[in-house]
Structure formats: C-alpha cells, structure tokens
Amino acid sequence: MSPSRTKEELVVTPIKHAPEKKCSMGAIITGLDLNDISDEELEQLRAATHKYQVVVIKNQHNLDPVKHWDLVTRLDPTAPNVHGHGTVKQFQKTGGLLSKRDVHGIPTAPNVRLIGKGYQGDDHFGIKNFTAYGASNDYHATPPSKEAFAAGNTQFQRWHMDAPLYEREPPHFTALRCVKAPVGPEITINWDDGTGLSMKTKPGLTAFFSNVQLYDLLSEEEKEMAENSWVEYAPFPYMWIENCKGNANGLGLVTQGKEHTMEEMPEWNPDFVKTYPMVWNTADGRKALQVHGIAVRKLFIKATPTSSVEVVDDVVKIRAFLHNWQSRIHKPEYILMAPVEEGDVGMWDNWSVFHSAVDYPDAYGVRSMHQANLGASDAPVGPRPIGVL
Ligand SMILES: [Fe+2]
C-alpha cells in the first residue's frame, strides 16, 4: 500500500426494496478496494455477506484477477486452492450440463473464470478473440419463442447454488465481477409455468432468493421434517443430468427420462458422493433450506427424530417434493435482481441463497463476468445429525 494513500471507510448500506417486495437480503458496500483489502476489512466483508447474503461491492474497475482469486482464498484459507468445480480440464471432462458452455480461466489467475455472452474482444485479460455463449434459454424444455425472446421475453435460466456436489465441498462464497454489462432495454422474465407470474428488470443481472427465508416459509411440521431429513446427490451429478432440460421457471428439471443410468456413468468413488442435510446452519446462526434439486438422487425423509426414514429415489417424486417447498419463495416479491453495474463485484453467501442467470437478446450487448469461488474447507452441517439407516 502506498503510504500516502488515505483509506476510505468501508460502508455497508442495506438495499431498500420496493414496497411490494418481501425480500430480506442485499447490501451495497462502498469504501473497499479489493486490490488492497486489510484483514479487518476482509472480516467486515465476510460478516456483511453472511448478514445480507448478497452484497454489491462498488467500484472495482481495476481489480487484478490475481487479487480477485486472493479474495476467495483468504476467506477460506485452509481450503484446497482450486475453483469449486476443479481445474478447467476437470470441469470440461465431468462438468456435463454445466460444461456445455465454453469456460475459460483468466490466464494470470486460471481459477477466475470468464463467463458471459458475446464477443469478449481481441484480448480480454489475455483471452484472445473469444465469443462467450452464455447461460442460454436453450436449457429449457419450453423456451420462449424466437419472436418473444427478440422482444425481450425471457426466463430464469437455472436456480442453483454453486456446488460440485461430488468430491469437493460447496464454496462458501462466490465473487462475481461485472466487467461489461449489456445496455439494452428492460427484459421481462416470465415464469411460463401456468402461474402467470412475471417481472421486469435490467438485462444481465443475476437473480437471487434466500433459502433462509424459504425455511421460514415452511410450516412448523415441515421445518421439523426438513431438519430431520437429508439428501444424497448423484455421483458426477451434472453428467448424470447432462441430457435433461430445465423447467421454464428455472426451478428444477422436466422429467423426460433422460437421466443417465448409473451403469452409463463413469466409475465413481463412493467416498466422493455427497450426503448433506436438507437444512444447513448458516454462519450467523440461521437455518437455510439448501437442497440442489436438479442433482438429488435420493431423499431420506424423516418427519421427526423418532420417525422411520422414507427413502425416495424416484426422480418424479423427488422433484415434486422439492417443488412443493421451493416454489413458495419463487415469486417476484422474494426475488432480488442484484443491482450490479460495470466495475462492481457481486458476492454472495452461497450456503444460504440460490441464484440464476437470465438470458437476454444478443442485440442488448455483451456481458463479461469474472467468477471466482473456492470449494470449501468444510462440509455443511445441519441443526440435527444426519440419521443412519
Ligand atoms: Fe452459479
């Protein structure tokens, strides 16, 4: 740090939501330079991200990708020093559904991944002449028509947490920097699921809902059941579902029988298969209903601590069970479109929220994002121990 530099004070300002919103998260952070962040500021940022779940760190135009990666490693210093989805090579081999888009690491910091849409320029931080193919509506079984999409009608792409759900643990935080944002007019996100729900927003933003708030929306009996139940994820989960299509509202998959059979899967290590509680304790003592529905292979439902365990391994039943709960928060009033502008870094508590990209017409402009997250040093823990069958 230059001795002449006077540090600004880090200020956390909660986002003021419109009156019709029931959103409980989000804050704007100013006075922070991620190229030069002290240990004290790091702890302030960690605490703010846990409290507000999604934060927008303003004015990081000159962020060095090496410092971007440093940020996530400093937040979890004993974790293996690699992106949550492993190296780009590993990701391309076993990333299945997720690796259908062409993902590049920034040459100076390969764990920082370039994602976005459109031509990224002759030389984007050392990546030459690359055209990104973004989180597209072609993931959906019933995408908007070509004409509707051209007119700005779109869908949530895929509600998820950033998590490999095999071998490595889910990152505690994702830090997503906006290098370039589209400039087009507003888009309309349609649920297209028979509910008639829709919302308007700027293009290029990431959508969030809180799984802490979702837990709070459950009845007392459902909370009890959720706390006593657990989930087993598929081995190489994104390969398992690589041929599947998403629901139009972005929440869960359409059941078309396209999951691979276990016999079709590459050999997997049973020790790497993840079993997590349905409810995760958050760092600040709350509870999040954190179940990544598209990757679940088995549910273990237990209504009370003394109940017997019902094992559900039929994807139709798994999806219906989770949809019943998760759809309660999947409404415009609970959804935050994080107000990230060019130069900002959006960061979130990946253990307590779900997020989704939203596709927009090409003509609205290029989107360039740098994404960094680190497979955690620890596994999520729930309020009750996972039962033994
Ligand atoms: Fe993500």
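## A quick tour, strand by strand and domain by domain

Start by selecting β9 and strand β11 (residues 187–190): they pair in the parallel sense over 2 bridges. Strands here are DSSP runs of E, at least two residues long, while helices are runs of H or I of at least four, both numbered from the N terminus; two strands pair if DSSP finds at least two bridges between them. Before clicking on, note that residues are numbered from 1 along each chain as its sequence is written. You're looking at a predicted model, where local features need pLDDT of at least 70, side-chain atom pairs count only at pLDDT 80 or more, and totals for chains, interfaces and linings use all residues.

Now pick threonine 154, whose bridge partner in β11 is isoleucine 189.

Next, colour by domain, with bounds from an automatic or database domain assignment: domain 1 is 11–211 + 332–373, and domain 2 is 214–326. Their centres, taken over C-alpha atoms, are 23 Å apart. The contact (C-beta atoms, placed from the backbone, within 7 Å) takes 31 residues from domain 1 and 30 residues from domain 2. On the domain 1 side, show α1 (39–52) and β13 (207–210), which each supply at least two residues.

Last stop: helix α6 (residues 220–228). Its buried residues (20 or more other C-beta atoms within 10 Å of their own) are Ala226, Glu227 and Asn228. They pack against β16 (279–281) and β17 (287–289).

Definitions and conventions: A residue is buried if 20 or more other C-beta atoms lie within 10 Å of its own, exposed if 12 or fewer, and partly exposed in between; C-beta atoms are placed from the backbone. Two residues are in contact if their C-beta atoms, placed from the backbone, lie within 7 Å.
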